[in-house]
Amino acid sequence: MYRGFLVVTVRTPYGCVPLITLVSFDVWNTLIRLDGIFLAISEAVAELAGMEPTKALAVLRETYNKSKRLRRAGELNETEIVREFQRIYASTLEVPEEIIRRAAARALFEIQHESIVFDDVFDALDSVRQLGVKAAVLGNALFWPGSYTRAVLERAGIARYLEVQLYADELGVSKPDRRAFIRLCSVCKAKPEESLHVGDGVSEDLGGALSAGMKAALLSRKAANNTIVLKEFGIAIIPSLRELANVVAKF
């Protein structure tokens, strides 16, 4: 009792009601295994082009890394980023671009969705829902359009947890551009300072979110052993998405 008022603290299974109102997720290597997608695309390319799958996969990875460097340097047209990636991949393999587009479409239908979702994803999404916090996805697009990623998340059972999905080819800007994060907060009607972005990229996810005034959790399944929360800087490092609810509560 304080000055005639009863002070009531509402608690969740993870502690007090969090100040965070929105948690946004990166997709690749955060929710979905990128290697599984690459394997499906490269196998389709190999079949359509009549080449060794190992070559198609190696060039796909090389093109992905090269395109990320070009994007960071501002040398890719953001509004045509998927087409530019497919052009580079096709040119390196010396095959028509149509084969690359067909391979991406074929892979979308042949992916075994249960094998590409990380085993901590649904636990994390359930815990965020229990906290009463909105969940969203903010993803980049390179090797295929965001609409394909939407289909993957829908078929994998992830989309039902999400209030919003935004992708770079739809926004016209890619992470780590702060405008992508600010746009997400605006669409979700959440203040940046009350929002937390989770991803495995130091630049794209951690840096981009912080530049927009959001909190950020860097997911490091291989390198991190313990959860580290630097509340004063709005930063956390987590070894598993299962730690996410505790991090949200601490912020």
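Predicted model: local features only at pLDDT ≥ 70, side-chain atom pairs only at ≥ 80, totals over all residues.
Okay, ground rules. Residues are numbered from 1 along each chain as its sequence is written, and side-chain values use heavy atoms, with hydrogens and water left out. Local features need pLDDT of at least 70, side-chain atom pairs count only at pLDDT 80 or more, and totals for chains, interfaces and linings use all residues.

Now the aromatics. Rings of Phe, Tyr and Trp (its six-membered ring) pair if their centres lie within 6.5 Å; planes under 30 degrees apart are stacked, over 60 edge-to-face, the rest tilted. We have 9 such pairs here. Take Trp28 and Trp144: they are tilted, 6.3 Å centre to centre, with 55° between the planes. Trp144 also pairs with Tyr148, and that one is edge-to-face because the planes sit at 65°, with centres 5.5 Å apart. Both Trp28 and Trp144 are buried, meaning under 20% relative accessible area with a 1.4 Å probe, protein chains only. Trp28, Phe38, Tyr64, Phe143, Trp144 and Tyr148 make one aromatic cluster.

And Phe118? Arg221 lies over its face, 3.7 Å from the ring centre; the rule is CZ of Arg, or NZ of Lys, within 6 Å of the centre and within 35 degrees of the ring normal.

Phe118 and Arg221 both line the largest pocket, along with others including Asn29 and Asp200. A pocket is an open set of points on a 1 Å grid over the protein atoms alone, where a 1.4 Å probe fits, with protein on both sides within 12 Å along at least five of seven lines; lining residues have an atom within 4 Å of a point.

The second largest pocket has 16 lining residues, with Trp28 and Tyr64 among those nearest its centre.

Notes: Buried < 20%, exposed > 50% of the residue type's maximum accessible area, 1.4 Å probe, protein only.
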